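Subject: Structure handover

Hello,

Here is the structure to go with your sequence. My notes on what was found in it follow below.

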Amino acid sequence: FLKFGREDAVRIAYAVGADFDTIADIDRVLPPLLQGMDAVALRETKCLEKVRQCAPGIPVTTVIDPTLLLDKEAYRDIQPDEPLETEPFIFTYTMPNDTQKTVYQAALQLGEKLNLKVIDASGQPNRAHHAIADHRTCSPAQFLWYMDHASYVLTNSFHGTAFSVIMEKQFFVIPHSKTGNRAVDMLERMPELFWNLADNRP
């Protein structure tokens, strides 16, 4: 990793998202890739010991995701000035996965119970999105507006979880079945918010 540049350049990896469960023979593959690194900072604690074993002599630690380095006021400065919605709403943001269906079903049930419309602004539209009639394509600034102004947020995404925390929303997380450890790991560091984590079984 980071083999470009001068040999004497300092090479530091910050907030690396890593999940080695799907990589065969990681004890053989990873050590040569880490040679020459001066420090590695992981986003998830799950892989901490494994990376330390593969990187003797290199400082390896965990840090928070960069999105969490700013507070909600900083992100509000980026949002559009004009409101994107005038009625209270539930916001869904998902990554493609079998858990999308569960997120949408939960959002629709909550919306029916509370008489709130559901707005979805997930990327990579697919057949699962058809469950939500109001699907919107939005810019990063618009995404921040929806996150900030939603009555509730439902997500299977790490960054959907992160921005729910930043914006101090009422939210529920149904972890992505492949990358959900990232959201789980973050919420485990915040015991007061861990109840927001839902079962990800369909």
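Strand 4 and strand 5 (residues 117–120) run parallel and are joined by 4 bridges. This is a predicted model, in which local features need pLDDT of at least 70 and side-chain atom pairs count only at pLDDT 80 or more, while totals for chains, interfaces and linings use all residues. Residues are numbered from 1 along each chain as its sequence is written, and side-chain values use heavy atoms, with hydrogens and water left out.

Helices (H or I, at least four residues) and strands (E, at least two) are DSSP runs, numbered from the N terminus. Two strands pair if DSSP finds at least two bridges between them.

Strands of a sheet pair through backbone hydrogen bonds, either parallel or antiparallel. An open sheet of 3 strands has the order 1-2-3, and its pairing is parallel. Strand 1 (12–16) and strand 3 (60–62) are at the edges with a single partner strand each, so one side of each has no neighbour in the sheet. From one strand to the next the twist averages 15° (axes are lines fitted to C-alpha atoms, for helices over the stretch in contact, and angles run from 0 to 180 degrees between N-to-C directions).

Strand 1 is joined to strand 2 by 3 bridges, and strand 2 (residues 39–42) is joined to strand 3 by 3 bridges. V40 in strand 2 is the bridge partner of A13, and V40 also stands opposite V60 in strand 3. L42 stands opposite T62 in strand 3.

In a regular strand the side chains alternate between the two faces of the sheet. Strand 2 is covered on both faces: A39 and A41 on one side, V40 and L42 on the other, are all buried (buried means under 20% relative accessible area, exposed over 50%, partly exposed in between, with a 1.4 Å probe and protein chains only).

**Aromatic rings**

The structure holds 8 aromatic pairs (rings of Phe, Tyr and Trp, the last by its six-membered ring, pair if their centres lie within 6.5 Å; planes under 30 degrees apart count as stacked, over 60 as edge-to-face and the rest as tilted). F89 and Y146 form an edge-to-face pair, at 6.0 Å centre to centre with 85° between the planes. F89 is in strand 4 (residues 89–93) and Y146 in helix 5 (residues 140–149), so this pair links parts of the chain 57 residues apart. F89 is buried at a relative accessible area of 1%, and Y146 is buried at 5%.

Y146 is also paired with F91: the ring centres are 5.5 Å apart and the planes at 15°, so this pair is stacked. F91 lies in strand 4 and Y146 in helix 5, so the pair ties together parts 55 residues apart in sequence. F91 is buried too. Ring pairs link Y75, F89, F91, Y93, F143, W145, Y146 and F163 into a cluster.

**Two single residues**

What does T155 touch? Not counting residues up to four places away in sequence, T155 touches Y93, V103, G160, T161, F172, V173 and I174 (contact means heavy atoms within 4.5 Å). T155 lies in strand 7 (residues 152–155) and counts as buried, at 0% relative accessibility.

N97 is in the loop between strand 4 and helix 4 (99–114) and counts as buried at 15% relative accessibility. N97 and H176 are 79 residues apart in sequence, and 6.6 Å apart in space, C-alpha to C-alpha.

**Whole chain**

The chain has 7 helices and 8 strands. Of its 202 residues, 45% are buried. Among contacts between residues at least 6 apart in sequence, 62% join residues at least 24 apart.

Regards
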